[in-house]
Amino acid sequence: MSSISIASGVIAGQKPGTSGLRKKVAVFQQPHYLENFVQAIFLAVPGLRGQTLVLGGDGRYHNAAAIQTILKMAAANGVARVLVGRLGLLSTPAASHLIRQRGAAGGIILSASHNPGGPEGDFGIKFNAGNGGPANEQLTEAIHAATLQITAYQISDAADLDLTRLGETTLDGLQVEVVDPVADYAALMQRLFDFDAIRAWLREGHKVRFDALHAVGGPYAVQLFEDILGAPINSVRNAAPQADFGGGHPDPNPVYCAELVEAMQGASAPDFAAAFDGDADRNMILGRNMVVTPSDSLAILAANTHLLPQFRAGLPGAARSMPTSRALDAVAQARGFACFEVPTGWKFFGNLLDAGRIALCGEESYGTGADHVREKDGVWAALAWLNLLAVRRQSVAEIVRAHWAEFGRHYYSRHDYEGLPQAAGDALMAGLRARLASLQGQVVAGLTVSLADDFAYTDPVDGSVSEKQGVRVEFEGGARAVFRLSGTGTEGATLRVYLERYVANPAGHDEPVQVALAPVAAAAEALAGIVAHTGRAQADVIT
Ligand code: VG1
Ligand code: CO
């Protein structure tokens, strides 16, 4: 066995997006494609030499092959030890925890998250730093720059390792530890929440249902909700991870989880339900006759941290991504904690969490998390809600309605236009940006613009600046429309239009969401010319 150097050339287009490098499986299967990117990581992060690396993925098609390649490259690049999940599996939050707990220098996570899998689907790879969080913008740029310098990569010619058995093994001088993907994460969760209270609540006969969407969250959910908390067997559906996610979209939202939404209607529906995405960092929360929007979920958790053991020390501050509704801001203002608005993508929460400025954060895209790891965390969010239900002795719907009554309701919806020609997406955004300077004070479809800008963010901890993070247009009275192009898609451009409207008076809290938002949607259309640019009368996915 020895390390060999394989000649390679630069492969264009290996620029990570919102969360790592995502491409079609067929692209990743091209000769040298994965290897070049992994070598770029070793070049851009020289500190991995002689250190520990965490490795795992969401089990999608190509996961197993890529894990073997990366192990051999880690050996050839001088990594001392790799902690790899059994069968190459690790959820994103579990990988983040493992990096932190074991003092690893970083981790490589294989996932395209909520994107479909299988041979025709998507694959992805991302690097997380020693704090357990996604590489920040500077490191991401350094990795991309390294992909443009590749002339060769280093790889061991050793045979594939058996990853079915737990324990220590070696590969060409590299120490490999095959770990139980769930054990450490499950132990962490039990330190954060009142498991006895949740157990008692379940014993009273409350019913729960979880949907792992055939993704990596299944084993975590089964162990925590069924084995440890005692929910009946089969409370977790679609629990066995599959390479193609059963042919579905592993994206927990009301569109892709229509069956779960349906199952939560009516008097005999379960009391609580949740679903998770491909790498188990996203969550959707439901109660009987109630789908909780992610923005509301974040705000409700923020308003109830005093009831959750994890936040015993109080809540210094919280943060949301820019397009996420301002329901969190309303709680922050009333309760007097700091509230930060960051660009889309979990990497932007990292510095605030590390500095202790925030302990809770979330995104409108079904992502919620806290300072126990440096990623969003789907199973954690479901446990937080269960803990609340057990302590507050109210239903999900009662908690949500009481929250609206106290803080007002932020009606919210995201309209996605998927797979557009790149030129159409770019033209729409360019048209909007060209109009920004003249919009303030103008009346658009009956709404008066109070602010219009292209969101720029200065990190309060390290001062780094991120520009062009999305166009936001605010209207008098608290409505808002936000426009940005997705950075996780693998086909053309995806336009995301985020609509929000604030209603303080409880008498106005029962409108259908799209009806309540119709005036904002009309203003968004008038501003951006969505129909003309996309040629579509309606969004492809409305959540
Ligand atoms: C989307 C979401 C964003 C999230 C990102 C990664 O990005 O909007 O909020 O952080 O996915 O989530 P974009 O650029 O497509 O809007 V995950 O669970 O796919 O890693
Ligand atoms: Co995800």
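Tutor: We shall discuss the ligand, the metal site and several loops in turn.

Tutor: This is a predicted model, in which local features need pLDDT of at least 70, side-chain atom pairs count only at pLDDT 80 or more, and totals for chains, interfaces and linings use all residues. Residues are numbered from 1 along each chain as its sequence is written, chains are lettered from A and ligands numbered from 1 in the order in which they are written, and side-chain values use heavy atoms, with hydrogens and water left out.

Student: Which polar side-chain atom lies 2.7 Å from an oxygen atom of ligand 1?

Tutor: A polar contact is a pair of N or O atoms within 3.5 Å; within protein, one must be able to donate a hydrogen and the other to accept it, and residues adjacent in sequence count only if both atoms are side-chain atoms. The atom at 2.7 Å belongs to Glu363. For Asp277, an N or O atom of the side chain is 3.1 Å from an oxygen atom of ligand 1, and for Ser19 the distance from a polar side-chain atom to a ligand oxygen is 3.5 Å.

Student: Which residues coordinate the cobalt ion (ligand 2)?

Tutor: Donors are N, O and S atoms within 2.8 Å of the metal (3.2 Å for Na, K and Ca); water is not among the atoms, so sites may look incomplete. The cobalt ion (ligand 2) is coordinated by Ser113 (OG), Asp277 (OD), Asp279 (OD) and Asp281 (OD), at 1.9 to 2.1 Å. Along the chain, its donors follow the spacing S-x163-D-x1-D-x1-D.

Student: Why does the pair Ser113 and Asp281 tie together parts that are apart in sequence?

Tutor: Helices (H or I, at least four residues) and strands (E, at least two) are DSSP runs, numbered from the N terminus. Ser113 lies in the loop between strand S5 (106-110) and strand S6 (122-129), and Asp281 in the loop between strand S12 (272-276) and strand S13 (283-287), so the pair joins parts 168 residues apart in sequence.

Student: Is Ser113 buried or exposed?

Tutor: Buried means under 20% relative accessible area, exposed over 50%, and partly exposed in between (1.4 Å probe, protein chains only). Ser113 is buried, at 3%, and Asp281 is buried, at 2%.

Student: Which residue other than glycine has a positive phi of about 70°?

Tutor: Most residues other than glycine have a negative phi. His32 has a positive phi of about 70°. His32 is placed in the loop between helix H1 (25-28) and helix H2 (33-44), and is partly exposed at 27% relative accessibility. Asp172, in the loop between strand S8 (167-171) and strand S9 (174-179), also has a positive phi, near 50°.

Student: Where is Tyr256 placed?

Tutor: Tyr256 is in the loop between strand S11 (236-237) and helix H9 (258-263), and is partly exposed at 25% relative accessibility. Its C-alpha atom is separated by 9.4 Å from that of Val541, 285 residues apart along the chain.

Student: Where is Glu511 found?

Tutor: Glu511 belongs to the loop between strand S26 (493-503) and helix H16 (513-516), where its relative accessibility of 32% makes it partly exposed.
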